[in-house]
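Come along and look things up with me.

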Number of protein chains: 2
Amino acid sequence: MRIAMLGAGNVATHLSKALIRSGNSVVQVWSRNNENAIELALQIGANSIADFESIDEDLDLVIIAVSDDAISYVADSIPNKENRVIIHTSGSTDISVLKKHPNSAVLYPLQTFSKDVDLDFTNVPLFVEGNNEDSLTKVLSLAKQLSKKVTAINSADRVALHIAAVFACNFTNHLFSVSQDILEKSSISFELIKPLIFETVNKIAENKPTDVQTGPAKRNDLGIMTKHLEILRNNPEWHKIYGLISQNIVKKYANPKSSLK
Amino acid sequence: MRIAMLGAGNVATHLSKALIRSGNSVVQVWSRNNENAIELALQIGANSIADFESIDEDLDLVIIAVSDDAISYVADSIPNKENRVIIHTSGSTDISVLKKHPNSAVLYPLQTFSKDVDLDFTNVPLFVEGNNEDSLTKVLSLAKQLSKKVTAINSADRVALHIAAVFACNFTNHLFSVSQDILEKSSISFELIKPLIFETVNKIAENKPTDVQTGPAKRNDLGIMTKHLEILRNNPEWHKIYGLISQNIVKKYANPKSSLK
């Protein structure tokens, strides 16, 4: 398929390369920052364009891979044409943001992209949606060329997926940061805790997270939790996070029957 | 060295096996639950004992590997003898809990132990402390037989380490649970989010967590965060966790200069 890529960030870059590897043609690149458009266009052998009027009329797909708050502006700026499908790549944006266009779809790659790290796109789970049967068929067929893991999903479930990803990945990484900050205060290297982190994640490869929960809150060890909260009292934010998540764990695993034994 | 193991849980079991593999002798096992003591004793070719008076007088080490709230009771129950070192294995318990004994030490393995999963103990970071030079020398020498990663650390820093581990591992696993619960509500398999989790952790193998933070809070994307909070409003606990950690991330990465550009 012949494609225009609107956007030149991490998602646009990785997606463009994966599209080309799978035999499709990315023929035009647009970015809010024209220099970025030129750079990506050079990398993938496309033409950069400076405005939406320059999008070729005979393309099959126009992919909008810009920041979430810019999708609506970009979608409304693209001239309305019958023959092509307009696609966005966002987790938490409803397909209806593309309602100006008769054929629209979503292709949401569930992965964290780093600019300079090459990634095997065939293993990236892709979640797709179409505004009609034809759009869905086209985006499904495209997705299956890119990845072995393709799921059709509606906009509501896609937001749930994005929220789940925020908890499991963005928040997790922040807890790693907090952990590193705590260790640095005691001049302990973060390296020393990494084996424990890797083992924590290895465990969920084969087990449900609820089945392998450990720690003071899981055991409802009030002595240890009180001691930790006392030590954290000088950092109100860490204190709050510790208290809130511990409370949540205690409640989840509390067994009222155990007090009857 | 000739050792008595008090406790028969996950830590006691893994530690006993590692001690034997490294050429030491675990000759006696005690547990609050005598059946557990017998089971572990059988596994490692030791004798089980039913009371603290039965601990051999000529042992080099007595290791207390029981739950944190039981350490004090066990330590005070062990007859006081000059010639041996009493060791506990807890992260958040001060060495002073062993003050009845002239020679005491701590050997804290920073790892999450599962009963049935064999683990390469030589890669488990061990943190040691002694109440005098002699105890420290003995526990250091023992630890170095068990693991390649041995660090001497005082009780205060060891608690900090334990708190850091709670954030990076126990809380992280709980966020995986929350993520799974959110996905199940939309009938999405947790399997689909695992590649993203593994990539999140792969990233910190080579990078500082603060350098690879991503997500709506990092970008201070108010539109997405508001939408997610609106969807989470029916689960006040998830709503609170989402709000608190997002706030914390926004604050950490806020760049006041960016609004001046």
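In which helix of chain A is Ala165(A) found? I looked, and Ala165(A) is found in helix α5 of chain A.

**Ground rules**

I noted that this is a predicted model, where local features need pLDDT of at least 70 and side-chain atom pairs count only at pLDDT 80 or more, while totals for chains, interfaces and linings use all residues. Residues are numbered from 1 along each chain as its sequence is written, chains are lettered from A and ligands numbered from 1 in the order in which they are written, and side-chain values use heavy atoms, with hydrogens and water left out.

**Entry: Ala165(A)**

I wrote down that Ala165(A) counts as buried at 6% relative accessibility. (Buried means under 20% relative accessible area, exposed over 50%, and partly exposed in between, with a 1.4 Å probe and protein chains only.) I then listed its contacts, leaving aside neighbours within four places in sequence: Leu110(A), Asn170(A), Ile193(B) and Leu196(B). (Contact means heavy atoms within 4.5 Å.) I also checked Leu19(A), which is 146 residues from Ala165(A) in sequence and 24 Å away in space, C-alpha to C-alpha.

**Entry: the two chains**

What rotation superposes chain A on chain B? I found 180°, with 0.0 Å of shift along the axis and an RMSD of 0.0 Å. That is the relation of a two-fold axis. (Copies are superposed by least squares on the C-alpha atoms of residues with pLDDT of at least 70 in both.) I noted Thr172(A) as the residue of chain A that comes closest to the rotation axis, its C-alpha lying at 2.7 Å. The copies meet through the same surface, because 100% of the interface residues of chain A are also interface residues in chain B.

**Entry: chain A as a whole**

I counted eight helices and eight strands in chain A. (Helices, H or I with at least four residues, and strands, E with at least two, are DSSP runs numbered from the N terminus.) The C-alpha atoms of chain A fill a box of roughly 70 × 40 × 30 Å along the principal axes. I compared the radius of gyration too: chain A has 23 Å, whereas a compact globule of 261 residues would be near 18 Å. (The radius is taken over C-alpha atoms, and the globule rule is 2.2 Å times the number of residues to the power 0.38.) Of the 261 residues of chain A, 55% count as buried. I also noted that residues 24 or more positions apart make up 54% of the contacts in chain A with a separation of 6 or more.

**Entry: helix α6 of chain B**

Against what do the buried residues of α6(B) pack? I found α5 and α6 of chain A together with α5 (155-185) of chain B. Among the buried residues of this helix, which spans residues 194-206, are Pro195(B), Leu196(B) and Glu199(B).

Gln111(A) is found in the loop between β6 (104-109) and β7 (126-130) of chain A, and it is buried, with a relative accessible area of 14%.

I placed Leu146(A) in helix α4 (residues 133-146) of chain A. Leu146(A) is buried, with a relative accessible area of 3%. Gly23(A) is 123 residues from Leu146(A) along the chain, and I noted 9.6 Å between their C-alpha atoms.

Ser246(B) lies in helix α8 (residues 236-253) of chain B and counts as buried at 4% relative accessibility. I listed Phe171(A), Ala217(B) and Met225(B) as residues that Ser246(B) touches, not counting those up to four places away in sequence.

**Entry: positive phi angles**

Is Ser187(A) buried or exposed? I found Ser187(A) exposed, with a relative accessible area of 70%. Ser187(A) lies in the loop between α5 (155-185) and α6 (194-206) of chain A, and its phi is near 55°, a positive value in a residue other than glycine.

Asn220(A) also went on my page, with a positive phi near 50°. Asn220(A) lies in the loop between α6 and α7 (222-231) of chain A and counts as partly exposed at 41% relative accessibility.
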